[in-house]
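Dear colleague,

Here is the structure that I promised to pass on to you. Please have it open while you read, as the notes below go through it part by part.

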Amino acid sequence: MRRLINRRPDVAARFGLMILPFVIVIIAYMVASDARLSVNPNDKLLPGWSTISDAIERMAFQPDQRTGDYLLWSDTLSSLTRLGIGVGIATLIGGIFGILQGLIPYFRASFNAFTSVLSMIPPLAVLPILFIIFGLGELAKVMLVMIGIVPFLIRDLALRTAEIPHEEIIKAQTLGASTWQIIIRIVVPQMLPRLIDGVRLSLGAAWLFLIAAEAIASDSGLGYRIFLMRRYLAMDVILPYVAWITFLAFALDLALRLFQRVAFRWMYRGN
Amino acid sequence: MTSFKLSSLKIFAAAVVAMTLAFTAISPAHAEAKKDFKVAWSIYVGWMPWGYAMDNGIVKKWADKYDINIEVVQFNDYIEAINQYTAGAYDGVMATNMDALAIPSAGGVDSTILLICDYSDGNDVIILKGKEDLADIKGQKVNLVELSVSHYVLARALEKIGMSEKDVTVVNTSDADMIAAWSTPDVTAMTTWNPMAAEILAQDDAYNVFDSSELPGEIQDSLVVNTQTLKDNPAFAKAMTGIWYETMALMSADDEAATAAKTAMGEASGTDLAGYEMQLAATEMFYKPEDYIAFTEGNLSELTTFVTSFLFDHGLLGQDATSPGYIGIELADGTVVGDESNVLLRYTTEYAKMAADGEL
């Protein structure tokens with residue numbers, strides 16, 4: 001049937017269409033940048049490619065005059081460390097509480113309402129409280145990332161746990177499994193790949209909280225640099241940093257997906 | 001059935017045109033004689049009169065006199081206001097001389113300080129927790145808004161006692177969170193400005209170890225306008241100058257109208273008359289055009305070099321800068337401090353003189 005919904009692009013067209021929006025944005029940027037630079041060659045808002053590549057060269061491949069660090073890499077290292085610890089702890093807590101909340105009725109009765117309410121509190125709105133509890137150091141940043149994503153992970157995993165067919169749980173019990181054995185042998189193996197899905201979905205939020213935390217009080221990090229450079233509109237540095245953060249987030253997502261494929265191959269069997 | 005076939009080239013071309021239109025909407029305004037002007041300001045003790053003038057018809061009165069339209073727009077974020085001005089969306093902005101040099105001038109936007117509203121005379125403070133001597137700052141972490149006037153005050157203070165920034169660790173902290181930050185145990189040293197500084201100093205263990213009254217005239221809170229716009233539209237400059245000195249005369253008088261104006265300004269900045277008076281005490285306002293002219297024609301070249309060397313040391317004059325004088329600054333008498341072929345910041349007393357002579 002000749003309908004738009006039935007028409008599929010071939011491989012070449014699909015690739016072309018995929019590239020198209022990127023090309024349009026880049027061309028539009030170049031046109032607008034040229035227009036501004038022709039009026040004012042020092043314009044900072046939409047710098048040209050050579051200015052941007054100079055900035056990349058300076059930030060990534062030359063030691064900073066004041067500290068001797070390669071700024072892009074030292075910023076990346078401190079940001080990824082904070083993000084890694086925060087997301088790691090959140091995953092652990094989310095995994096444990098999510099499974100218990102999804103499986104154990106007494107646990108659910110105690111914590112379900114609590115985590116639901118907790119997940120509705122915007123963490124950025126209670127920042128001053130977090131500062132007073134955790135100080136202004138590394139701990140506060142890690143905690144903000146963690147607090148930002150933990151409620152989502154718990155709720156997501158509790159729902160997934162509750163979705164396990166009840167027959168499986170009954171079957172295990174008729175075979176004599178205790179609660180502990182059911183958790184370890186039936187629930188955890190099925191829930192680990194779901195937890196990874198949850199982490200993948202919450203990575204965007206984790207980056208948001210990380211950059212917010214770094215913007216507020218910090219002396220290193222990708223978010224710190226962007227907010228510092230913003231003070232004098234150094235878009236030649238900010239734009240590559242934004243692209244780099246996007247790339248890192250994309251790479252992390254890809255890595256988690258590959259890990260999931262390798263570690264939980266059974267999930268992909270059959271399709 | 002009609003075909004959906006559209007040449008992909010056409011779609012592509014259309015998309016590029018659409019995106020380009022969207023992007024060119026943020027192209028800089030080409031300067032020429034025009035009627036509508038926009039000026040950005042943000043909350044600060046010395047700039048509150050602008051908000052008052054806008055709300056109470058003084059702006060409209062002067063704009064009407066010169067047959068133009070002026071909109072004085074309040075920004076919640078000081079830096080965003082300067083960035084908007086630098087990008088060309090505004091014709092003028094309230095900024096310190098230091099930020100005017102580091103953002104619009106370093107960004108190639110030739111700017112003129114049309115008038116200086118005031119200079120900080122104690123509004124920027126270095127605060128230590130439990131210590132009373134500036135030298136005790138050695139080895140501490142100092143929370144401040146990095147690359148701001150606070151950073152400048154810290155650098156100048158350390159210089160005065162023979163130390164340098166290497167003796168401390170600077171931690172960039174958002175100004176909105178200074179008061180909350182002070183109450184955490186790991187914050188022991190801070191540089192910030194009023195009203196936050198006053199709030200923090202009210203606590204028992206907070207000591208003012210250095211403030212901007214020891215740097216008289218170095219931190220000038222100014223009205224910065226685009227030089228080209230100024231050249232093409234003297235009426236705009238005349239109106240702005242008229243607005244400012246009328247509001248100054250109103251608030252510096254010793255009568256009920258002055259009290260009412262200052263109360264309104266205090267409330268607009270989140271405090272009351274007493275709080276605003278206290279901030280004014282730490283601010284040297286230029287109430288009369290004569291005060292401004294005398295200051296600007298004084299030792300400005302020396303004060304300017306302090307600022308340019310700080311900016312140069314922190315890489316804020318642009319990556320091409322080879323010396324603190326990379327950007328030339330033209331003083332009111334026409335002499336240039338720094339590179340004469342790259343003048344991007346100018347002082348002028350031309351319009352203040354008209355105000356002094358009653359010619360506006």
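**Helix H14 of chain B**

Helix H14 (residues 300-313) of chain B has 14 residues, and the distance from its first C-alpha to its last is 20 Å, close to the 20 Å expected at 1.5 Å a residue. Please keep in mind throughout that this is a predicted model. The buried residues of H14(B) are Leu300(B), Thr304(B), Val307(B), Thr308(B), Phe310(B) and Leu311(B). When one looks down the axis of H14(B), these buried residues fall within an arc of 160 degrees, so they line one face of the helix. The cover over the buried residues of H14(B) includes H5, H6, helix H13 (289-296), strand E12 (328-330), strand E13 (336-337) and strand E14 (343-347) of chain B. Just after H14(B) comes Gly315(B), which takes a positive phi of about 70 degrees.

**Helix H6 of chain B**

H6(B), which is among the elements that cover H14(B), runs over residues 149-160, and its end C-alpha atoms are 16 Å apart, in agreement with the 16 Å that its 12 residues should span at 1.5 Å a residue. Because 9 of the 12 residues of H6(B) are buried, this helix is largely enclosed by the rest of the structure. The buried residues are Val149(B), Ser150(B), His151(B), Tyr152(B), Val153(B), Leu154(B), Ala155(B), Ala157(B) and Leu158(B). Just after H6(B), a positive phi of about 75 degrees is found at Gly162(B).

**The domains**

Chain B is divided into domain 1 (36-119 + 219-356) and domain 2 (124-214), and the centres of these two domains of chain B, taken over C-alpha atoms, are separated by 26 Å. Their contact takes 13 residues from domain 1 of chain B and 10 residues from domain 2 of chain B. On the side of domain 1 of chain B that touches domain 2 of chain B, helix H12 (273-281) and H14 of chain B each supply at least two residues, and H12(B) gives the most, with 3 residues. By class, that side of domain 1 of chain B has 8 nonpolar, 5 polar and no charged residues.

Chain A, for its part, is divided into domain 1 (4-43) and domain 2 (71-268), and the C-alpha centres of these two domains of chain A lie 34 Å apart.

**Where the chains meet**

How many residues of chain B are in contact with chain A? There are 40 residues of chain B in contact with 38 residues of chain A. On the side of chain B that touches chain A, two or more residues each come from helix H1 (8-24), helix H4 (78-87), helix H5 (97-105), strand E7 (169-173) and helix H7 (178-182) of chain B. Of these, H1(B) gives the most, with 7 residues, and the residues of this side of chain B divide into 22 nonpolar, 15 polar and 3 charged.

E7(B) also pairs with strand E1 (residues 217-218) of chain A, in the antiparallel sense and over 2 bridges. Within E7(B), Thr173(B) is the bridge partner of Ala217(A).

**A residue of chain A**

Is Tyr268(A) buried or exposed? This residue has 10 C-beta neighbours inside 10 Å and therefore counts as exposed, since the cut-off for exposed is 12 or fewer. Tyr268(A) has its place in the segment after helix H10 (235-263) of chain A. From C-alpha to C-alpha, Tyr268(A) and Ile184(A) are 21 Å apart in space, and they are 84 residues apart in sequence.

With best wishes

Key
Residues are numbered from 1 along each chain as its sequence is written. Chains are lettered from A and ligands numbered from 1 in the order in which they are written. This is a predicted model: local features need pLDDT of at least 70, side-chain atom pairs count only at pLDDT 80 or more; totals for chains, interfaces and linings use all residues. Helices (H or I, at least four residues) and strands (E, at least two) are DSSP runs, numbered from the N terminus. A residue is buried if 20 or more other C-beta atoms lie within 10 Å of its own, exposed if 12 or fewer, and partly exposed in between; C-beta atoms are placed from the backbone. The expected span of a helix is 1.5 Å times one less than its number of residues. Two residues are in contact if their C-beta atoms, placed from the backbone, lie within 7 Å. Ala, Val, Leu, Ile, Met, Phe, Trp, Tyr, Cys and Pro count as nonpolar, Asp, Glu, Lys and Arg as charged, and the others, Gly among them, as polar. Two strands pair if DSSP finds at least two bridges between them. Domain bounds come from an automatic or database domain assignment. The arc is that of the directions from the helix axis to the C-beta atoms.
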